[in-house]
Every structure is written in C-alpha cells, then in structure tokens.
Amino acid sequence: MIRAVICALALCSLTACDQAPSASQVARDNVAIAAQIATGHLRRQISQFPRTLDPALNEDVAAYTITDDLFEGLVRLDAGGSVVPAVAERWETSADGLVWRFFLRRDARWSNGDPVTAADFVFAWRRVMNPATASPAAQQFVAIAGAQEILTDGASFEQLAVTAPSPYEVRVQLSTPTPYFLYLLSNCWFMPVHEASVLKHGKQWTEAGKLVGNGAFVLKSVTVNGPIELQRNPTYRDASAVRLQAVTFYPINDAAAATARFLAGDLDITDRFQIGDIAWLRPQIGEQVRLEPYFGTVMMAMDVTRPPFSDLRLRRAMVMALDREILTGKVFKGYFTPAYQLVPPLPGYTPARPEWADLPDAARHREAQRLYEEAGYSADRPLDVELWYPTADADTRRVLEAMSAMWRMNLGANIRLANEEWRVHQQNRRIRKHRLFFYPWIGDYPDALTFLALPLASSGQNYMGYNNAAYAEAVDAAARIVDEAGRNGAYRRAEKILNDDAVIIPIYFYRSRHLLGSYVQGWRNNPMDRHPSRDLYLAVPGVP
Amino acid sequence: MLRIVVRRCVSVVATLFAIVTLAFFLLHAAPGGPFDSEKEVMPEVRERIEQSFHLDESTPKQYARYLRQLLKGDLGPSFQYHDQRVSDLIRAGLPIDLKIGGFALLLAILIGVPLGAIAAWRPGSWLDKGAGFAAVLGISVPVYVAAPLLILVFAVTLRWLPAGGWGDGAMRNLVLPVLAMALPYIAYISRITRGGFVTALAEPYIRTAKAKGLGTAAILFRHALRPALIPLVAFLGPAIVGAITGSIAIETTFGLPGIGRFFVDGAFNRDYTLVMGVTILYGVLIVLANLLADLVHAALDPRVRTHE
C-alpha cells in the first residue's frame, strides 16, 4: 500500500509536481494560510490513534504528544527540550541527591477550577504503582524508594516514597541518585491526575467532557481512529503564554498519506515522511521539510551466549565488515549519520568511538577478514545465519539488503534476511529465539544510560544474553555520579568495554522527520523530538 | 418464501457459533501477544497487565468466559484502546463505512447497470469494447493506486477537495473516498450486468418481443432486466457486506475512522476482542446479506419459488 502511494507520488515528481508551484497556486496558498493563521487552529498528524489518554497507561508516542498538551507535571520541557519549572516553581535536593523537595505554585488550577496540589501528584504516582491500574509504566518509577519492593515483593503501592508534607510541597525519596530524574518527571506517567474525577468516572474518566486536566489545552472531542480536538484551557496557570486557540490531532499511520494531506493544505505539521520522498519534497516546499537529529540508534544485535556469536572474533568481524558510510551515503543519500557505537550524539557526552572506525576501508576489511578466518570460517565453510527483522518499510529493507551484500563481499558470509510479523518478532526476541536480529532503540531520557542500560543483565531488553560484570559495574558506578561531566566520562569508559565485546552492530543514528508549515512558529529542534503545542503558534514568517 | 427464512435462521446460529469458536482459537494460537512490544516490561508488570485481561487463564477458560460475555451481548473491552469497549468502537465506526460503502455501491449500480445493459445491446460494438476496456481498467487498478491518484489530482494539484479526513461526514469529504471505492464496483457490476443481459437477450421470449415490434428500451428494461439481474443480485449480497464493513485501503489513504482498519490493526496488535467483534459483525452481515440476496432472487425468478 505504502509503496503504491509512493509510486503515485513519484509519478507526480516526474510530471507536474517537480516544477515550482505556479504564481496562482502560491497566491491561493497564501490566502489559505492567512485564513488558517486567523483561526489560531493547529492541525497536527499523529502516527496512530492513542491507545488511551490516561497518563498512567500511555505507551505510544501519539499519547505522549497529546498528554503533553492536556497535563502538566512538576516540570516541563521548553521548546528546545530543556527542563523548566512547571507546576513546581522551584525545588531542592539533598547533598547525596536522594531527597527531592518540590515547591508548588499556588496559582496552578485544574480545568474545573480546583487547585492543583501536592496530593494530586501523590495520588497519580501511587496510582501507577497500584496493581489494579496495570500500568506498563510502573518500572519507570524504580528510581523512587519503595518502587522495586512494590513491583517484585508485593509491597503495598502506598509504600512509594512520595509524600505531601503540605498542600504545596511534594517530597520524593530516591533509592539511588538519578541524574536524569528531572527529565523523567516531564514524562506523562509523572503528571498529576484529578483524583475526584478519576474516582467518579472510573475507566471512562479520559472521555471528552469528563477529563479534567491541568495542561495548556482541554479535551473537546475524540473520534476513535479520527480527529482528537483540543481547545485552549482558560484556567491554565500560564494561559497568557498560549497563543493557539485550538489543536486537532489527526491519526494517520501512512506517512505518504500524511504527506499528501500536508501538500493539500489539510495539515500544518506531520509526524513522519518517507525518507526517499525528500528528493522531490525539498524542491517543492524547501525548508518545510525538517530532518533533525533524534536520540535513536538503528543497530543489529547478536546472541553472545550461543554459537556462532559466542565467538568474540566473529562478532568483531561482523561489526567491522560493514561500510557504514556507503550505507548512509548511498542507500540514505546522506540523510542519516553512520553509527560506530551505541550512544547517539548527546550534548556533553563524547562517545567512545572504536579505533577500527578510523581505519582506511581496505585495512578494516583485511582485519575483519582475518578475525573471520581465525574464528574458523572460510570460503569453503562460510558463516551461514539468518538475520531476523520485523516487517519494515522499504528504506529499512534496502539497508538490510545492502548489509547482507557487504558481509558477503567483505567476509564471504552468507547472511540470509528473514522477515516476520511485528508482534511475532517481539515475542521471538523476548524468548531469545534469534541469534542475529534487528535492534533499534530510541532513548527515553537524554542521558547515555538509557542506551547503556540495554545490555545489562538486569535489563528486559538484553536479548543478547550479554553478561559482563566489569561492564555492569562500570555502568552502575557511572550512573551514581551526580556531576554531569564526571558521569559522562565514566559512561564513556563503560561504552568502551561494550565496543571491545562487540555485542551489538551499530548501523546509523535516527533523525526525526517532520513537514512543518512555513507559518508554524515556535518550533525548535530537540533530540527527544518533543514539541508541546503550548509553545507553538501560527504567524506569517518573520512576523513575531 | 417463509420456509427459506426459517431454515436459514436456524443455520445462522450454527454458522455464527462455528465462526466464533474458530476465530477465537485461531487468534489465540497466533504467536505474539497483545502486550509484546518494543519496550520490554518487567515480568511483574506484564503479569499484572495480563491478569487484568484474564490472559493468565487457559485458552478454553478464556473461551468459556468470552462465550458467557457474548451471550449477554457484551463484546468486551478492547485490548488496544484501553478506555473503549468493542461495541462502542464498532458503533462509532460502522456509520462511516455504511455511508461511504452505501454511496459507493449506489453510484456503482447507477453507472454500472446501464453501462452493462448498453454494452450487451450490441455485443462487439465500439460501445461494448469501450465499456469492456473501462471495466478491465477499473478491476485491475487497485484502490491503493486509484485513491492516491485521485488525491493527487483533486486535492493536491487542483485543491478542489480535501485530501482526507471525515469532516463530520461533509459531502466534500465523501466525494473522493466514495469515488475510489466505487470504481472497481462499477467495473464488476457493468461486466456482470452485461453477461446477464447477453444471456437474457438470447432467450426466445426476447425474440418474440422484438418480433412484436417493441422498442429497445422496452425490451431491455421491461423484459430483459429481471432475468438479467439475477447474477448481479448474487454478486451484490457479499459485495454489500464488503462495502459497508469498510476498506482498509480507503480508510488508511483517506484517514477515515471506519471499522475496516480494526480488522487489520486489530490483528496486528493481537487485539483479540476487537478482531472477534468485527468478525462476528462481518459474519452476521454476510449471513443476512446472503439471505436477502436469496429472497430477492426468489422474487425475480419464479422458478426458485416453485422449487421451494
């Protein structure tokens, strides 16, 4: 289906659409844009209909995006992605970084006029831990004292160490210093919920007309698989800073369909576009095509506990044999950046780039070949293994095919691509059925730990079976360092161990992809790709 | 006629029971569960979530629970859309498909039947060949190619109509999806009608009508129409169901909140209750539509009535 849409659009690129828009079309567009600006109504694409709008149960990006507009936590992210005060006007931490005291603003209000108090946060957080809520986010709270015991030992959810010493103070006791704790608090699971309406309406409390929020917008209407309409919240504590009158989210899971609707003037922001479409989109709409760094890595992973990848030499050969510059340069035309290590670019963090990454191609290939032969493989006895991946878009498939060809060319290995349906793939990874598999990851918070924790023995995502005590200690020690520079240095040492053990095969770093109307203002790129509507507004470019 | 209805009603219950049972066990046998996701949840959390949906019970026990629930007319909560019940999801989505599918079929009949009739009047003429060519085109160009092309022309380039969205069912939002959906139906209907007419027109009573000096329109629409429509009626039964239960291609391309997507998304997400709900709906509609088609067939063809 997607391919056909692309075909149709590609057809368009070969014919009329490749040319710059005509003068009459520009004039007509300008009239439409002026009308849109006058309404103050923003129309955004989300790539799926959110499973729920309950902050405690959210688990998809669409839901995160909408709850960012409907609720506000102790802190929030500004347009650039930095943590700034929100319901909490200030906070204090103890010297050991374990006790946090948040002091709440007196003027924060729920959309029904009730004051937002510390008790609302205590209720919301404990609600996530309550087994009756069955929240998939409960493990996000393990940094808080008591959470681990609630999860594993069956302790009461009221043991979570968050209290309200006064109506305007939230006190949190952590079990371990958590440098990214403030960022964590900007996520939906830590947002307050209105106790009275949750108790009154039960599961239906998130319906339009029942949902009481404290964000910049309130829920006006919801159509399942259709538009979700929000309007400005007059009781919002910082209502004067909100310039939009209304926001509508359109769930469209087909990127090509979203692109068509953007071009037809039906959408102001899209969530995604096909990477191959840039070639004809750029000449047509120029800077409205946004391709920005995103905190994610596309990689392959190997099961290190079983042959053939229990052999370190073979793993190293696999990692080194790929020509990443060609993969990103030729297959993706330079739109993505090659990855040589796990952690994507992050301000303040210098990644541990492996030494082989700077070798000339020929020398690197020779070294990979040598390791491959040392591991006992040759032209007569080639490595023959399947690379498992979930049903993916054309872009991903092309990269995988190119990789398979490179392993064949540079090593002589026979890597066969094996595709399976998405849920089946998730299950098979979990039960460790695969030896070589697709393993993309997007960070949860802007700290190297969100990546470095993946190959820990305690991690749910360690499908590689990697278990190196030295690595675990290095990561654990680093995570306890409160000072950012010191912590990043320690993370780097841990990442080096991971590089030496060649557990994963990094391929390239993600980029966020949006189409953004030229009249949408206030948008700033940030690596977590979070853009609350609160900071956005519509205006003619250049006019404040 | 009454006997057809009674006999069918008895078999409907048995058919539906078989559908429910088969669908339930097939769905649960599929690898991967509704809560297998990219972000692995802790085993304790997974346990909690599965408990809340009774997935910790054995499949036969879950089946018994589902049947009990179903007898009370409850399709259960959706696994995917946490705050919604399956019956509410269907109630919200079905009217959209009814409207689009209904209009598309109506358009297809209004264009397809006369087109087929005219083509059959002079087989081999340029009119017949032209209609045949258009039909082959309509049948062979899939919706997912036709729909983006329609968007490209009428929404992106000409800006006459929106590129998608439901817009509370406004006419301008309906035009493109209805057209995209109607195209293959127009083609099928015109071909089937043509076939029906060609057969009917070769009958002796048509020759008699011609010999009596009746006009073209009178022969086509008074004498040939009824027998010619019998194959079309047989086609329309299941076609109506297909059209009103939504098309995944149409809904995805035009971003419509219908139930067609529930089938595919539900299956991908292992949303057991949602897929069951849509399957049951589809089953009931198919059985009803076939019954209706048989009744119409009986009304059109006196021989069927005599046999019964």
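Reader: Why does B:Phe53 count as buried?
Author: Its relative accessibility is 14%. Buried means under 20% relative accessible area, exposed over 50%, and partly exposed in between (1.4 Å probe, protein chains only). So 14% falls under the cut-off, and B:Phe53 is buried. B:Phe79, at 6%, is buried by that rule too.

Reader: What do the values rest on?
Author: The model is predicted: local features need pLDDT of at least 70, side-chain atom pairs count only at pLDDT 80 or more, and totals for chains, interfaces and linings use all residues. Side-chain values use heavy atoms without hydrogens and water, residues are numbered from 1 along each chain as its sequence is written, and chains are lettered from A and ligands numbered from 1 in the order in which they are written.

Reader: What makes B:Phe24 and B:Tyr66 a tilted pair?
Author: Their centres are 5.7 Å apart, with 35° between the planes. Rings of Phe, Tyr and Trp (its six-membered ring) pair if their centres lie within 6.5 Å; planes under 30 degrees apart count as stacked, over 60 as edge-to-face and the rest as tilted. So the distance qualifies, and 35° leaves tilted. The pair links helix α1 (residues 2-29) and helix α3 (residues 59-71) of chain B, 42 residues apart.

Reader: How do you know that the charge of A:Arg243 sits over the ring of A:Tyr537?
Author: The charged end is 3.6 Å from the ring centre. The rule asks for NZ of Lys or CZ of Arg within 6 Å of the centre and within 35 degrees of the ring normal. A:Arg353 lies over the face of A:Tyr340, at 4.5 Å from the ring centre.

Reader: What makes a set of residues a nonpolar core?
Author: They are buried Ala, Val, Leu, Ile, Met, Phe, Trp, Tyr and Cys residues joined through side-chain atoms within 4.5 Å. The largest here has 142 residues. Those with the most contacts inside it are A:Phe102, A:Trp125, A:Phe141, A:Ile144 and A:Val172. Apart from it lies another core, of 97 residues, including A:Val289 and B:Val113.

Key: Helix = DSSP H or I, 4+ residues; strand = E, 2+ residues; numbered from the N terminus.
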